[in-house]
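Morning, everyone. I have one structure to show you today.

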Amino acid sequence: MMGHERVRSLVLSGLILAIFLVVWQIATMPTKSAQVVDEEYAKLVGAAAATGQKSAFPGPMDVGAKLVEHLSDPFYDRGANDKGIGIQLAWSVSRVALGFGLAALVAVPLGFLIGMSRLIFQALDPFIQVLKPISPLAWMPLALFTLKDSSVSAVFVIFICSIWPMLINTAFGVASVRKEWLDVARTLEVSPMRKALLVILPAAAPTIMTGMRISIGIAWLVIVAAEMLVGGTGIGYFVWNEWNNLSIANILVAVFMIGVIGMLLDMCFARLQKAVTYKD
């Protein structure tokens, strides 16, 4: 039954994709009408696009050709502003991994303390509530001013945006551990460290993984905007550079790759979440 439902969902997804591509192709088809336009605009987007004979927005075939071109040699390096999309994505993923990893090292232990101690929760909650709503990009000018390095600043932005979902979910998961399990551990005189590792951590793991899954999605979302600001390398800088080159097809290829990588990251954490989730 589940197999048939899965096949039907795949067929429906394929149908939606086909309809979207057809509509896209029709919307960007050339027209026979011509119109008089400003010469500067014609130079900017091309004479055919400016006069209405061809849409300035690329069609699916154009984007597909660009995608094949990028994937045929994704790791070329021809200088500072001409690197393959594979290199750009690798830089972005590495920054996300570093910032996310540092956030996990801080958020999980601190979340344990907050979840296990009412006093620490009450002491830290005002700071969390003030810092949590601040946009990660609002930290970028301060990071650039204090850290003096664009790559380190991007990692810091990932760190600061990743920490809150993990911290809050860890604290919630730890605080929600069943009282009966803690009472059994107390009866058996289990040491605090063993209780944390063998009782609390397995019970809170699904909630912690949920926080990590949310955090990795936010981190990947933010890195694109951060790299547009700091420049140099990364898929965000690639998008900004292609906008300066007025290459909409390359931008759409980058947007597609950003979505694919984001989906793969979410799938990885979804599998980890499923692996640590148990049935009562």
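This is a predicted model. Who lines it? Leu 17, Phe 20, Leu 21, Trp 24, Pro 60, Val 63, Gly 64, Leu 67, Leu 252, Val 253, Val 255 and Phe 256. Where do those residues sit in the fold? Helices α1 (2-27), α4 (60-72) and α12 (248-276) each give at least two residues to the lining. Now sort the lining by class. We get 11 nonpolar residues, 1 polar and no charged ones. The space inside this pocket is about 270 Å³.

Now step back to the whole chain. How many helices and strands are there? The chain has 12 helices and 0 strands. It has 280 residues, and 36% of them are buried. Next, the contacts. Take pairs of residues at least 6 apart in sequence. Of those contacts, 70% join residues at least 24 apart. And the surface? The chain exposes about 16,900 Å², with 70% of that coming from carbon and sulfur atoms.

Find it in helix α5, which covers residues 85-116. Is Arg 95 buried or exposed? Its relative accessibility is 5%, so Arg 95 counts as buried; the cut-off for buried is under 20%. What does Arg 95 touch, beyond its neighbours within four places in sequence? Its contacts are Ser 151, Ala 154, Val 155, Ile 158, Ile 223, Glu 227, Thr 233 and Gly 234. Glu 227 is one of the residues on that list. Find Arg 95 on the screen, and trace those contacts yourself.

That's my tour. Thank you.

Conventions. Residues numbered from 1 in each chain as written. Predicted model: local features only at pLDDT ≥ 70, side-chain atom pairs only at ≥ 80, totals over all residues. Heavy atoms only, no water. Helix = DSSP H or I, 4+ residues; strand = E, 2+ residues; numbered from the N terminus. Buried < 20%, exposed > 50% of the residue type's maximum accessible area, 1.4 Å probe, protein only. Contact = heavy atoms within 4.5 Å. 1 Å grid on protein atoms, 1.4 Å probe; cavity = no way out; pocket = protein on both sides within 12 Å on 5 of 7 lines; lining within 4 Å. Points joined across faces, edges and corners; volume = space filled by probe spheres on them. Nonpolar A, V, L, I, M, F, W, Y, C, P; charged D, E, K, R; others polar. Areas by Shrake-Rupley, 256 points an atom, 1.4 Å probe, with all protein chains shown as cover.
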